[in-house]
Amino acid sequence: MRWALIGASTIAAQYMIRALRAEGGEIVRVVSSSAERGAAFVAAHDIPLSGSSVEEALADPGIEAVYISTTNEKHLPQALAAIAAGKHVLCEKPLAMSLADAVSMVRAAEKRGAVFATNHHLRCSGSHRAVQSLIRDGRIGRVLSLRLHHAVHLPESLQGWRINSPAAGGGVIPDITVHDADVVRFLTGEDPKTVVAQMAASGLGQGVEDSVMSVWSMPSGIMVMSHESFTHPFAGTGLEVHGTEGSIFARGVMTQNPVGAIELVTAAGREAVPYDSHDLYGEAVRRFHAAAAGRGEPAANGWDGAKSLAVALAVREAALTGAAVDIDYGG
Ligand code: NDP
């Protein structure tokens with residue numbers, strides 16, 4: 001599949017270029033709003049073309065798919081233009097700044113028959129799939145609660161728009177809570193119903209939150225406790241799922257790499273749970289390529305991205321108002 005990258009971004013440089021190529025993708029061109037940054041980017045990554053016009057890239061009939069990894073406020077116009085040009089789209093999370101915008105992107109892709117996927121990598125990881133299998137196989141009985149620990153330290157190189165620009169979609173809620181919402185939906189097969197939350201700026205956030213804690217109720221009665229932050233250098237990440245017959249402790253798994261350890265605790269004792277260590281982003285690309293070839297769905301489709309955004313927006317509203325918020329999934 002021939003790709004254009006819209007966005008000379010860190011995530012493209014650090015993970016997605018490698019993942020696209022490993023899965024047989026050919027990266028033909030990059031669009032950057034800065035001609036200099038675009039030229040430097042393609043030189044560094046051995047990509048033939050750069051340019052600053054999205055329209056010009058989309059007019060290239062050789063391009064079959066675009067990967068959008070610009071700042072969040074740009075996803076909507078760029079995705080709509082790509083869909084209108086007949087391209088398949090892999091879009092970064094959060095899909096958009098509002099639920100209505102995200103839904104309009106998903107609907108436009110449906111209308112055009114384009115594959116539209118959200119880059120929620122965690123559901124692609126072997127560790128999260130192993131946790132899902134334990135739950136599905138009934139190893140912990142009826143699920144009672146989930147606790148997500150996703151408080152990390154934002155690297156200095158990323159301490160730009162994420163911590164100081166509401167207009168670009170900054171804040172830890174659009175950045176990380178969306179991922180946690182997707183994990184919870186993936187593991188439970190349910191859409192969160194109601195949330196309460198508190199948020200803070202605890203050292204990095206300037207005009208946006210850098211930390212949030214929230215509690216979600218699920219339709220079946222499962223309770224979820226979720227913590228996201230940019231300011232915790234040593235907290236580590238983790239995921240716990242507690243059931244009537246056992247508990248799953250997955251430590252260090254809320255990450256971009258296939259690392260961490262899973263332990264199942266039941267009346268029979270403690271056991272380490274093995275999992276597959278494939279590349280998370282490579283798996284997302286593999287599923288995307290298959291979907292574009294007419295085989296199945298992407299790992300996380302557009303509705304998954306819209307729903308994770310809906311949860312995140314509800315968390316922010318709950319934190320702003322101090323009230324319990326019923327999640328509006330629009331669509
Ligand atoms: P970056 O800040 O690295 O890149 C975002 C945009 O900022 C780029 O498109 C680029 O604009 C511009 N930019 C890049 N470098 C510079 C610079 N030195 N000076 C000025 N502007 C610059 O963001 P990320 O890669 O961290 O995130 C991009 C998107 O990907 C976001 O939507 C984010 O939420 C998502 N993301 C998803 C992850 C996942 O695991 N799914 C992980 C990390 C990010 P231009 O393209 O115009 O050159």
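In this predicted model, strands E8 (residues 194–200) and E9 (residues 211–217) run antiparallel to each other, joined by seven bridges. Stepping back, E8 and E9 belong to an open sheet of nine strands, arranged in the order E14-E13-E12-E11-E7-E10-E9-E8-E15. Pairing within this sheet is mixed. And which strands sit at the edges of the sheet? They are E14 (269–273) and E15 (325–326), each of which pairs on one side only.

Another part of the chain has parallel pairing, and strand E4 (residues 65–68) is a handy place to start looking at it. On one side, E4 pairs in the parallel sense with strand E1 (residues 2–6), over four bridges. In this pairing, Ala 4 has Val 66 of E4 as its bridge partner. E4 also pairs with strand E5 (residues 88–91), again in the parallel sense and over four bridges. Here the bridge partner of Tyr 67 is Leu 90 in E5.

How does the chain get from E4 to E5, and what is the handedness of the unit they make with helix H4? H4 covers residues 75–84, and together E4, H4 and E5 make a right-handed β-α-β unit. As for the faces of E4, are they covered or open? Both are covered. Ala 65 and Tyr 67 point to one side, Val 66 and Ile 68 to the other, and all of these residues are buried. Two of them have already turned up as bridge partners: Val 66 with Ala 4, and Tyr 67 with Leu 90.

Now for the protein chain as a whole. Its count of secondary structure elements comes to ten helices and 15 strands. The radius of gyration is 19 Å, close to the 20 Å that the globule rule gives for 331 residues, so the chain is as compact as a globular protein of that length. Taken along the principal axes, the box filled by the C-alpha atoms is roughly 60 × 40 × 40 Å.

Burial and contacts round out the picture. Of the 331 residues in the chain, 51% are buried, the four named residues of E4 among them. Looking at contacts with a separation of 6 or more, 66% are between residues 24 or more positions apart.

Methods. Residues numbered from 1 in each chain as written. Predicted model: local features only at pLDDT ≥ 70, side-chain atom pairs only at ≥ 80, totals over all residues. Buried ≥ 20, exposed ≤ 12 C-beta atoms within 10 Å, placed from the backbone. Helix = DSSP H or I, 4+ residues; strand = E, 2+ residues; numbered from the N terminus. Pairing = 2+ DSSP bridges. Right-handed = clockwise from strand over helix to strand, strands pointing away. Rg over C-alpha atoms; globule rule 2.2 N^0.38 Å. Contact = placed C-beta atoms within 7 Å.
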